[in-house]
Amino acid sequence: MKRIAVLTSGGDAPGMNAAIRAVVRAGIASGLEVWGVRRGFAGLVAGSFVPLGARDVGGIIQRGGTILGSARCEDFKKEATRLEAVRALNQNDIDALVVIGGNGSQSGSYALSEMGVKVVGVASTIDNDLYGSDITIGVDTALNIALEAIDRLKVTASSHQRAFLVEVMGRKCGYLALMAGIAGGAEAVVIPEVETDPEVIAEEIRLAYQRGKPHAIIVVAEGAEYNAAALERYFEKHRERLGFDLRVTTLGHVQRGGEPSAADRILATRLGAAAVEQLLEGNFGVLVGWIKGDIATTPLKDVVSKTKPLDLSLLKLANVLAK
Ligand code: F6P
């Protein structure tokens, strides 16, 4: 193995740059030539490669986003498009590829590995919904951003005796909402994994008011059946019953920006370096992730076919502590 390439794909996650830096420098330290691919799989198909030296990845460990750019490439689901990518890799004498990304991206990695490309994935998504890694690059930072927002909202909520619906990202996974709810001391948490009766949430808000709480924070996962907009519509009809005045804040992409936390920089660095090790050992078609406090590899086949369960006992704990 002489020349490897690295790309970032799907939604960007704080820490991706630290992972790129680790792939480049660990690769160079092992005598490899490392190239970057611009704009994820879209750039791979277009043959958009750039050589990366140790200095090219200087000063990026603390930067959010990805210096390589990222994309959601729907076309990559088509075999003809992937064949273009394989051709581009061959034309540029790339022996192996590191794909830093989440679920959709690792589906692309798996499809490429099935076509004979030597691929290793690196677990990166703020959603923490990827099988094969207890925690993924970007989660810690996104969670802390959501938490800071919740802390701030609680201050203004208390001044005005208001309830806030705070919607956080996570696609179909409630991890970010649940953890932000626990860490932020929310009065209620709404996640996609558990069916929600809006009437129950309304009652919890009313009881919080009756207990004399100065605020009520309801953390809502964007993927829940009753997201913030749906709950707001429902509560509109029952406003006087809630006790509190109601406001809605959707955190959205704010959670993906910003500088990566120390935990994300370290995780990304370790996973990036481990991905190079796997390539050198000839262990292809796997995801490099973090399981039970250590680096672990999982076949991409499992990563794309299995789902990571959410520990729902934590929702019960959040409800108990909300009283
Ligand atoms: O997968 C990461 C994520 O931020 C999800 O939480 C969110 O649903 C989605 O990406 C948003 O995608 P986009 O950036 O393409 O709007």
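This is a predicted model: local features need pLDDT of at least 70, side-chain atom pairs count only at pLDDT 80 or more; totals for chains, interfaces and linings use all residues.
How far is an oxygen atom of the ligand from an N or O atom in the side chain of H253? I started my notes with that one, and the gap comes out at 2.9 Å.

**Entry: the ligand**

While I was there, I looked up how much of the ligand the protein hides. On its own the ligand has 400 Å² of accessible area, and the protein covers 75% of that. I then checked where the ligand sits, and the place is the largest pocket. Around the ligand I listed R72, I126, D127, M169, G170, R171, E222, H253 and R256.

Next I went through two neighbours from that list. For G170 the backbone is what counts: one of its N or O atoms lies 3.1 Å from an oxygen atom of the ligand. For R171 I looked at the side chain, where an N or O atom is 3.4 Å from an oxygen atom of the ligand.

I stayed with R171 for a moment. I found R171 in the loop between β6 (162–168) and α6. Its phi is near 55°, which is a positive value in a residue other than glycine.

N128 is not a glycine, yet its phi is positive, at about 55°. I located N128 in the loop between β5 (119–123) and α5. With a relative accessible area of 2%, N128 is buried.

**Entry: E187**

Then I moved to E187, in the loop between α6 (175–183) and β7 (188–190). Why does E187 count as buried? Its relative accessible area is 8%, and buried means under 20%, so E187 falls in that class.

I wanted to know what E187 meets there. Leaving out residues up to four places away in sequence, E187 touches E204, A208, K213, H215, A216, I217 and A322. One of these, K213, makes a polar contact with E187, side chain to side chain, at 2.7 Å.

**Entry: S159**

H215 turned up again when I looked at S159. The two are 56 residues apart in sequence, while their C-alpha atoms are 8.3 Å apart in space. S159 has its place in helix α5 (residues 139–160). S159 is exposed, as its relative accessible area is 59%. What does the side chain of S159 reach? I traced it to the backbone oxygen of V155, at 3.1 Å.

**Entry: D56**

My last stop was D56, which I found in the loop between β3 (49–51) and α3 (79–91). I wrote D56 down as partly exposed, at 44% relative accessibility. A polar atom of the D56 side chain lies 2.6 Å from the backbone nitrogen of G53. Beyond residues up to four places away in sequence, D56 touches P51 and I67. I also looked up R21: it is 35 residues from D56 along the chain, and the C-alpha atoms of the two are separated by 8.6 Å.

Key:
Residues are numbered from 1 along each chain as its sequence is written. Side-chain values use heavy atoms; hydrogens and water are left out. Helices (H or I, at least four residues) and strands (E, at least two) are DSSP runs, numbered from the N terminus. Buried means under 20% relative accessible area, exposed over 50%, partly exposed in between (1.4 Å probe, protein chains only). A polar contact is a pair of N or O atoms within 3.5 Å; within protein, one must be able to donate a hydrogen and the other to accept it, and residues adjacent in sequence count only if both atoms are side-chain atoms. Contact means heavy atoms within 4.5 Å. A residue is near a molecule or strand if one of its heavy atoms lies within 4 Å of it. Accessible areas come from the Shrake-Rupley method with a 1.4 Å probe; for residues, only the protein chains shown count as cover. On a 1 Å grid over the protein atoms alone, a cavity is a set of points where a 1.4 Å probe fits but cannot get out, and a pocket is an open set with protein on both sides within 12 Å along at least five of seven lines; lining residues have an atom within 4 Å of a point. A molecule sits in a cavity or pocket if more than half of its atoms lie within 2 Å of its grid points.
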